[in-house]
Amino acid sequence: MTIAEVSKKFDITADTLRYYERIGLIPPVPRTKSGIRDYDDVSCGWIELMKCMRSAGVQIEALIEYVALFQQGPDTAPARKAILVEQREQLLQRMETMQRSLDRLNQKIANYETQLLPREQELIGK
């Protein structure tokens with residue numbers, strides 16, 4: 001697939017795709033004889049993984065390290081797993097923080113509807 005097709009498929013700009021490759025966030029993309037990027041299923045799989053991980057807030061540096069280790073071969077599997085486990089722990093912590101924030105917001109909304117709104121209506125005489 002061309003960069004334009006991949007850009008459309010994953011809703012990522014062509015510049016972002018080039019950037020991901022340049023910094024090592026995805027492995028080098030295969031190229032045609034004329035040097036044009038020719039994204040295959042493997043390349044698309046990496047893009048999908050990185051888009052998912054980035055949307056979850058996984059650190060770019062950790063993902064770059066993961067890709068670099070992957071390219072070094074199967075002996076790096078334990079180190080790659082350690083990166084994933086560490087990133088999962090950080091994501092769980094962020095999710096817990098977000099859940100606390102959501103709970104607090106829900107509490108404020110409930111208080112507004114049960115306490116503040118009736119008081120406001122009393123003040124304006126309704």
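Student: Is F70 buried, exposed or partly exposed?

Tutor: Buried means under 20% relative accessible area, exposed over 50%, and partly exposed in between, with a 1.4 Å probe and protein chains only. F70 has a relative accessible area of 38%, so F70 is partly exposed. W46, at 10%, is buried. This is a predicted model, in which local features need pLDDT of at least 70, side-chain atom pairs count only at pLDDT 80 or more, and totals for chains, interfaces and linings use all residues. Residues are numbered from 1 along each chain as its sequence is written, and side-chain values use heavy atoms, without hydrogens and water.

Student: How many aromatic pairs does the structure hold?

Tutor: Rings of Phe, Tyr and Trp (its six-membered ring) pair if their centres lie within 6.5 Å; planes under 30 degrees apart count as stacked, over 60 as edge-to-face and the rest as tilted. The structure holds 2 such pairs. The ring centres of W46 and F70 are 4.9 Å apart and their planes lie at 70 degrees, so this pair is edge-to-face. The pair links distant parts of the chain, with W46 in helix α3 and F70 in helix α4, 24 residues apart. Helices are DSSP runs (H or I, at least four residues), numbered from the N terminus.

Student: Which residues form the aromatic cluster?

Tutor: One cluster is formed by W46, Y66 and F70.

Student: Which residues of α3 meet α4?

Tutor: Contact means heavy atoms within 4.5 Å. W46, M50, M53 and R54 in α3 meet α4 residues I60, L63, Y66, V67 and F70.

Conventions: Helices (H or I, at least four residues) and strands (E, at least two) are DSSP runs, numbered from the N terminus.
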